[in-house]
Amino acid sequence: MIIDSNKIQKVIDDSPQDKKQLIMILQNIQLEFHYLPKESIGLVSEYLGMPQSTVYSAATFYKSFSLVPRGENIIKVCKGTACHIKGADLIIDQLYAGIGIKPGQTTKDMKYTIEVVNCVGACAMAPVMIVNDKYFGEVKCNRATKLVKKG
Amino acid sequence: MEKKILTKYIDDPNQVNIDTYLSHGGYKAFEKALKEMKPSEVIEEVKKSGVRGRGGAGFPAGVKWGFIPKDNPKPRYLVCNGDESEPGTCKDRVLMESDPHGVVEGMAISSFAIGSHLAFIYIRGEFAYPARMMEKAVEEAYEKGYLGKNILGTGYDLDMIVHTGGGAYICGEESSQLNSIEGERGMSRMRPPFPAVAGLYACPTIVNNVETLAAVPFIINNGGDWYASMGTEKSKGTKLFSLSGHVKNPGHYELEMGTPLSVLINDLGGGMLDGHKLKAIIPGGSSTPMLLPDQIDVKLDYESLAEAGSMLGSGAVIVIDERTCMVWVAERLIHFYRHESCGKCTPCRDGTGWLEQLISRIERGEGQPGDIEKIESLCGNIMGRTVCPLGDAAVMPIESSIKLFRDEWEYHIQNKKCMVKSEFAFK
């Protein structure tokens, strides 16, 4: 996947040039491209005047950032304690059967990515699955794939 | 039964709009504090109420506010901790997305009390919707003149910033959260100095949980004595409990402190799912030691739960039924804490990694005699030896699982499979 650096630079230029905005800027880039393209680390470090290592360390510390390309649709399966004991594993198995990928993988057509996330704070409706920031609670595992395809 | 104070209007979909909030008596407490009270009187009232930190530690909020050095000329900051990530906890989310103005008002009064002119609300990255609601509420409050310059003509200025995190459990710990707001990795800081002395940008900073701050307007409106009249002798007021797991009606319930756990699980929660038996209860979020079914009558307050060998924590009650293998639960828990360890302290960084290896090997059926003792020894070497409480949090549920369900762990090692037949856990 090739991303035009000018496009990344544009996102960066729209953000305030302030070191404490580092995480915000990375979030904005990720919002645009679904992940942090390799070039973005260098561009952000130049923009904020901080070492690349600092930008890279923040990008790898926080779980929401991805350094590898992710699909158009991001499926998150919660495996916090409450979802875990209510069968989150079964949802993951069903999704594997339906879409053919495991957590951490992306389909070849770049349509779907599955991620396992830790508690999303919706424990009362466990097990929870999130498709593109839309929450599905009390997911019946045999319907998981259907929910994903419907969006 | 339920005692709805913070959650009184939570089911009203219009409560997120400032006009509805105002019609329910909103921002009256802020006005009262600004016009009729001195900051020290607000602190006094909150001290009198006895409200304690609702994020888990249970430290009296008013006392914490009093720790700000009076002669420090630096600016002061208030940070509202909305990084609710403790597995099982879903109470701050409800407050932020259904009654955001209550949180804004609580933050405004608290900022006035501690003399802060800039307040942050740190919301975890996964909470996109609550963050949007809070942003909208802050905007509306600016429009109506409850935030900004010269608020209500009293000469008091206050700005508020909604800050979203990047998905890290550790950022719920106050010193890591301050690092994260400063744009750094969320790693905990050595204390002392405590944040009240040198916190955000090395300035005096108070970090309070969403629920703690949301209680402040009610305390100012009705008085500290009114708040202190609810609850038990040392645990005052009401608390939101998040009920999840194998019960009929999971959800969030606001109860007076000291309500028996059985009321929450059986009366409000509708009891266990049909045909299933209670096996264990995690009473205060995944990092608290477990309770057994015969302890179901324990009262939900800081002291009673400590006496029962556990903690009130964030009030997240996770109910586990007999189909659940405790080794399987422990494996997931330690995986979570290993992943979320920030890596600063060796006992936590390496210890949780070793624990995960040992526990998943037992879960896979490759456990060896002596593994349980190794786990216990590792736990003992992590407990109390880290800068922040994440190390303790990782160890406590594991230790209690081994203590209460040792037979299951041993069965796992000897027979290379689970003792319980579950539709969820395989093998």
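What is the mean pLDDT of chain B, and what percentage of its residues reach 70 or more? The mean is 95, and 99% of the residues of chain B reach 70 or more, where pLDDT is the predictor's confidence in each residue, from 0 to 100. The model scores ipTM 0.90 and pTM 0.94. This is a predicted model, in which local features need pLDDT of at least 70 and side-chain atom pairs count only at pLDDT 80 or more, while totals for chains, interfaces and linings use all residues. Residues are numbered from 1 along each chain as its sequence is written, chains are lettered from A and ligands numbered from 1 in the order in which they are written, and side-chain values use heavy atoms, with hydrogens and water left out.

The description may begin with strand β5 of chain B, residues 238–245. Strands (E, at least two residues) and helices (H or I, at least four) are DSSP runs, numbered from the N terminus. In β5(B), 8 of the 8 residues are buried, that is, under 20% relative accessible area with a 1.4 Å probe and protein chains only; exposed means over 50%, and partly exposed lies in between. B:T238, B:L240, B:S242 and B:S244 point one way from the strand, whereas B:K239, B:F241, B:L243 and B:G245 point the other way.

Two strands pair if DSSP finds at least two bridges between them. Strand β6(B), residues 251–256, runs antiparallel to β5(B) and is joined to it by 6 bridges. Within this pair, B:S242 stands opposite B:H252, and a hairpin of 5 residues connects β5(B) to β6(B). Strand β10(B), residues 316–321, runs parallel to β5(B), with 4 bridges between them; there B:L243 has B:V317 as its bridge partner.

Attention now turns to helix α2 of chain B, residues 28–36, whose buried residues are B:A29, B:F30, B:A33 and B:L34. These residues lie on the same side of α2(B) because they cover an arc of only 130° around the axis, the arc being that of the directions from the helix axis to the C-beta atoms. On the other side of α2(B), B:K28 and B:E36 are exposed. B:K32 also lies in this helix and is partly exposed, with a relative accessible area of 25%. Although B:K32 and B:P217 are 185 residues apart in sequence, their C-alpha atoms are 9.7 Å apart in space.

Finally, B:F59 lies in the loop between α3 (39–49) and α4 (61–65) of chain B. B:F59 counts as partly exposed because its relative accessibility is 39%.
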